[in-house]
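Here are some brief notes to read alongside the coordinates. Please follow them in order.

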Amino acid sequence: MVTLKVDPYMAVAISIGAVALLLAITLLLYYMLKSRITRISDVYLSGEPESVVSSISPSIASLYWGFIRRFARSIFNILVTKVHTGSLHDWYKFISSWYGILLLISIVVFTTLMLIGW
Amino acid sequence: MTIDQTMLLILSTIIFPGLFFIISLALFTQYMVRKISARYQNRMGPSYVGAFGVLQPFYDFWKLLRVKETVKTRFSMVKTAELFFLMGLTFSIGALVFLPLSPFRVCSEFDVLIFFYMASVIPFISTVMASMAMPGPYTSIGISRMLSIATIAEPAFFASIIIPVYLTTRGGDVLFMSLSGYVNVPRTWLNPLYVVIMLLCFIAYIVSLQAKVMYQPFNIPEAEQEIIAGFETEFSGPLLALFRLLHDVELAISLLLGVYIFLGGPLPFRHLSIGGVLLLIVKYVVLVIVITLVKNVMGRYRIDQALIQLFKYSLIPAIISSILVSIV
């Protein structure tokens with residue numbers, strides 16, 4: 001067994017070389033062996049036509065909100081009941097309260113730093 | 001590097017433990033998982049092709065590759081998907097030059113990080129990209145679930161690998177953060193300060209591996225019946241063969257990694273001894289039995305349950321062990 005001790009850059013270079021060799025071999029083998037038969041069909045929608053969906057992939061926003069609604073339910077509830085209630089006052093109250101806390105923290109930090117020195 | 005070393009590197013990459021060996025091991029691992037699962041479910045499992053049905057996974061692969069048709073839609077990008085799968089496959093196999101099993105071994109400080117990126121991160125990204133190249137509503141739902149699970153499983157898997165490697169290489173007798181640290185694994189388990197950390201990492205490793213390879217209870221991204229086959233719904237023929245092969249290769253490499261960093265590889269024997277080879281096989285089979293046991297005794301979690309359980313049983317042990325390792 002041979003162990004080659006090298007620096008991390010060289011290790012990456014050698015492993016990438018091995019990957020390049022493997023990619024050439026696997027590409028060659030795959031395209032030599034693979035079946036050439038293809039069939040065009042509609043997207044699989046459990047037997048329904050494509051017209052039942054507005055787009056073939058859900059939008060990123062839908063996936064994001066779907067995830068938040070199902071997994072981060074508490075965050076979703078806060079967003080719906082406190083921030084996006086439809087009233088501008090509620091939104092302003094929520095945002096300004098958080099900005100207020102951030103401002104307070106920054107004042108405390110800077111004052112402390114000025115008192116004890118940088 | 002001399003010409004002899006280059007030739008040995010090429011042989012290691014192509015024959016052992018590279019392309020041909022790891023594909024054989026991956027298919028044999030699939031056979032073991034299917035056979036053990038069948039026993040749990042009171043079935044026979046693969047029985048007819050080869051002795052005791054051992055060649056069944058190979059014939060399944062061969063049939064998909066050579067006989068079955070590729071079904072595509074007007075949105076499909078088959079060549080892109082094929083290329084991503086092949087990239088995932090080759091990066092995983094290329095990482096084997098860092099494993100102590102290889103006759104020609106590349107060894108450097110922090111080689112575990114290179115190994116992790118090549119054998120864990122790139123195959124995952126390749127699978128996601130290949131699935132996105134074959135779009136469909138079920139595929140999109142499967143990918144979103146897969147990405148949600150990866151946000152917890154990947155950091156936990158990473159921590160569960162990095163911490164044992166750090167513990168076994170901090171003594172200075174081997175290269176720092178290198179997979180050569182496997183020689184110190186028995187000593188690490190016997191150290192009363194480290195044993196709890198190793199145990200927590202092992203739990204995190206098993207749970208996150210279960211999620212990475214999408215075995216029950218974390219098979220919600222493919223969720224048969226519910227969302228057809230999730231991210232793999234649009235794969236067929238040779239493309240499905242590639243996906244299954246990549247999945248099995250990823251599982252085999254992750255198990256081999258576990259054998260070295262948690263169980264010490266062939267220790268107390270040497271690699272080139274009968275005892276060493278037998279012990280390596282026994283340790284590998286034990287890990288396969290553990291993950292198959294978990295796969296068969298658990299039902300499928302919903303995505304929110306899966307994320308919470310993953311958080312509890314893989315990320316929290318990983319975080320606790322990270323805190324403990326920074327203290328000791």
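1. Start with B:Met177. It is buried, with 20 other C-beta atoms within 10 Å; the cut-off for buried is 20 or more. The model is a predicted one. Phi of B:Met177 is near 55 degrees, a positive value in a residue other than glycine. B:Met177 sits in the loop between helix 6 (137-169) and helix 7 (185-190) of chain B.

2. Compare B:Phe52. Its phi is also positive, at about 55 degrees, and it is not a glycine. B:Phe52 is partly exposed, with 13 other C-beta atoms within 10 Å. Its place is the loop between helix 2 (19-40) and helix 3 (56-66) of chain B.

3. Check two cis peptide bonds. One runs from B:Gln216 to B:Pro217, with omega near 5 degrees. B:Pro217 lies in the loop between helix 8 and helix 9 of chain B. Another joins B:Leu267 and B:Pro268, with omega about 10 degrees. B:Pro268 is in the loop between helix 9 and helix 10 (274-297) of chain B.

4. Look at helix 8 (residues 195-212) and helix 11 (residues 303-327) of chain B. They pack at about 145 degrees, axes 8 Å apart. The crossing is left-handed. The residues of this contact comprise 15 nonpolar, three polar and no charged.

5. Then the core. The largest nonpolar core has 109 residues; B:Ile253 and B:Leu310 are among those touching the most other members. Helix 9 (residues 237-261) of chain B gives the most to this core, with 17 residues.

6. On confidence: chain B averages a pLDDT of 91, and 100% of its residues score at least 70. The complex has an ipTM of 0.91 and a pTM of 0.86 from the predictor.

Notes:
Residues numbered from 1 in each chain as written. Chains lettered and ligands numbered in written order. Predicted model: local features only at pLDDT ≥ 70, side-chain atom pairs only at ≥ 80, totals over all residues. pLDDT = per-residue confidence, 0-100. Core = buried A, V, L, I, M, F, W, Y, C linked by C-beta atoms within 7 Å. Buried ≥ 20, exposed ≤ 12 C-beta atoms within 10 Å, placed from the backbone. Helix = DSSP H or I, 4+ residues; strand = E, 2+ residues; numbered from the N terminus. Axes fitted to C-alpha atoms, helices over the stretch in contact; angles between N-to-C directions. Left-handed = near helix turned anticlockwise from the far one by under 90°. Nonpolar A, V, L, I, M, F, W, Y, C, P; charged D, E, K, R; others polar.
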